[in-house]
Amino acid sequence: MNWPHWIVLPVVLPLVAGALLLLVERSRPGVAARLSLVATSAHLVLAIALAVQAADGSVRAYLLGNWSAPFGIALALDRLSALLLVLTGVIALAAVVYAVAGEANSRVDRLGPHFHTLFQFQLMGLSGAFLTADLFNLFVFFEVLLIASYGLLLHAGGAARLRAAIHYVSFNLAGSALFLIAVSALYGITGTLNMADLAERVAQLPAERAALARSAGLLLLVVFCVKAALLPLYFWLPATYSAASAPVAALFAIMTKVGVYSVARMYTLVFGAEGGPAANLASPWLPVLGLGTIALAAVGVLAARSLRGMIGYLVIASAGTLLLALGLGSRETVAAALFYLVNSSLVVAVLYLLADRIGAQRGGHGDVLAPGPFGDERAALGAAYFVAAIAVCGLPPLAGFLGKSLLLAAARQTDYGAWVWAIVLGSSLAIVIALVRAGSRIFWKPFEPAAPAVAAGTSSVQALALGGLFAALLLNTAAAGPLARFTGAAAQQLFERRPYIDAVLGARPVPPALPIREIVGGKPAKERP
Amino acid sequence: MTVELLLAIGVGVLTASGVWLLLRARVFDVIVGLTLLSYAVNLFIFLTGRVRVGSPPIVDGRLAPTLADYADPLPQALVLTAIVISFAMTALILVIALRASAETGSDHVDGAEPAGARTGEREQ
């Protein structure tokens, strides 16, 4: 385990797998599906191994290309990164298993070219974004995951997907332009892109440059909120996510969390309490916008006409809750946010896969929230929907309840305490009502003929993918104590920024495995001091 | 100073035109807007290395290796990355736009003319 290159593997593995898949996907689709499954499983195993390493509380830095920080690009692994890597691995594995399931002519990965390649590149972008300790590198990984997501969204084609893609792509391109402006303005002021170095230099900025640093920091907040879908910037999400195919939508559940992760990282490390002239930059904005997002998402959940549209607003509600908790800015609220993040990502992935199964069982009626015929899996899918609905609205006994109650308990000491209680509980009630109404319309009111003409059954592999996600949800509930301790420690680590800065800036280049002259094959290399 | 002012005005005009086009309802206008916006961003990144004349970005040993003699090479590397990404993205969104207009028969950003909209806006 002392091998120094573990940290870069979650990025390199999907990259190599994606490149290999490009070669075999056309000629040998069966091999491609297996390769993708193996690579995604290996990614999950790696993520778990890294989480075990990170659980001891140390921050591990890795210097790409052996350039010492802050001159080269550094990766850093701490508890927060490891937690998100594992979550990504679990959801990605379920999504790829679901995508290869079913009959050969209806398998999601066979509906268009290059599904697995794009999937692996998306995985690479996600892992890189969670690991990087360099702001421009974060931009590059954002682009990698976005480009892959454009392809995945358009997978299998159709006018609805193209319409959604136009909005989604142009919105994100405008977001990328803002990201670049913010990053280069920060570079122009501080002369560095390394997050740890940035944290030190922003804290020591002279007063005449503080305004520029604050505007760049707020521009970054806008960009991250585009990805995370906060109040004025979420209108792209419901249409985009409901247009995507089910496994892609399930994977996209973790994509909004990239924005949440970036906010958690940047607004504690660089623009946090010790940020000097740019301290606590996000705290006037995030709680108010988060509360507004939750309230409007509850209205959207009530007004949605299809199951997938409703899930889209549930994603927005959970993003609002997470950003609210991050914006409240105490250790307890951040710990609660990280705990809630695990549950909300898993349950949204479950719901997207379930909505696909429900749509297939109802023949032409799809997932529209109206009474209609239903195939012979009504009891099983109804029970699964019931469990997922309990998890998503935050009712006991599942972990969603624990996440929300941790947040409510932690929010009591903050200035927004009463507002948080009123809006979070009120929106939860609205979500419960909407979920009950949707469930009773779909499962309890079938009209004759009871069975639709074409009802595609759930194959055993699809059931395996769903069962795996349900197992993860139940594990999340059963292991709530250890997980809460882990997220508490992760929040603690976020607020103590000194070890992170020291680990990244103090990382030493790895000595070469062979003497340099043997690699070059010529004269001995010059001795370096 | 005048060069800086001119370049700053250039960035501002490009950004303003880009944002204006971005807010229009035609896919083509939106794409041109995004292109202008990316030009503005590229220029802006380049300018964060400060405007210098006659200073090379790579240390070649002829001048003393101080910042007074050399330009900052990093913004130039960043702008190269940004150009490549924005070029690829423009190509991608063009393909999506072509497919969308072929499938929906409309170049409106929503894929269809809004009901009761004023037609003939684009007809000369």
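Modeller: Let us begin with burial in chain B. In this predicted model, buried residues account for 26% of the 124 residues in chain B.

Biologist: How many helices and strands does chain B have?

Modeller: Chain B contains 3 helices and 0 strands. Its pattern along the sequence is α-α-α. The radius of gyration of chain B is 20 Å, well over the 14 Å given by the globule rule for 124 residues, so the chain is more spread out than a compact globule. The box filled by its C-alpha atoms, taken along the principal axes, is roughly 70 × 30 × 20 Å.

Biologist: Among contacts in chain B with a separation of 6 or more, what percentage comes from residues 24 or more positions apart?

Modeller: Such residues account for 51% of those contacts in chain B.

Biologist: Turning to chain A, what is the span of helix H2, and which elements do its buried residues pack against?

Modeller: Helix H2 of chain A covers residues 29-54, which is 26 residues, and reaches 37 Å from its first C-alpha to its last, close to the 38 Å expected at 1.5 Å a residue. Its buried residues include A:Ala32, A:Ser36, A:His43, A:Leu46 and A:Leu50. The buried residues of H2(A) pack against helix H1 (9-24), strand E2 (74-77), helix H3 (79-99) and helix H4 (115-131) of chain A.

Biologist: At what angle do H3(A) and H10(A) cross, and are the two helices roughly parallel or antiparallel?

Modeller: The axes of H3(A) and helix H10 (residues 246-269) of chain A come within 8 Å and cross at roughly 170°. An angle over 145 degrees counts as roughly antiparallel, and H3(A) is therefore roughly antiparallel to H10(A). Among the residues making the contact are A:Leu84, A:Thr88 and A:Ile91 of H3(A), together with A:Leu251, A:Ile254 and A:Lys257 of H10(A). The residues of this contact divide into 18 nonpolar, 1 polar and 1 charged.

Terms used
Residues are numbered from 1 along each chain as its sequence is written. Chains are lettered from A and ligands numbered from 1 in the order in which they are written. This is a predicted model: local features need pLDDT of at least 70, side-chain atom pairs count only at pLDDT 80 or more; totals for chains, interfaces and linings use all residues. Helices (H or I, at least four residues) and strands (E, at least two) are DSSP runs, numbered from the N terminus. The expected span of a helix is 1.5 Å times one less than its number of residues. A residue is buried if 20 or more other C-beta atoms lie within 10 Å of its own, exposed if 12 or fewer, and partly exposed in between; C-beta atoms are placed from the backbone. Two residues are in contact if their C-beta atoms, placed from the backbone, lie within 7 Å. The radius of gyration is taken over C-alpha atoms; the globule rule is 2.2 Å times the number of residues to the power 0.38. Axes are lines fitted to C-alpha atoms, for helices over the stretch in contact, and angles run from 0 to 180 degrees between N-to-C directions. Angles under 35 degrees count as roughly parallel, over 145 as roughly antiparallel, 65 to 115 as roughly perpendicular and the rest as oblique. Ala, Val, Leu, Ile, Met, Phe, Trp, Tyr, Cys and Pro count as nonpolar, Asp, Glu, Lys and Arg as charged, and the others, Gly among them, as polar.
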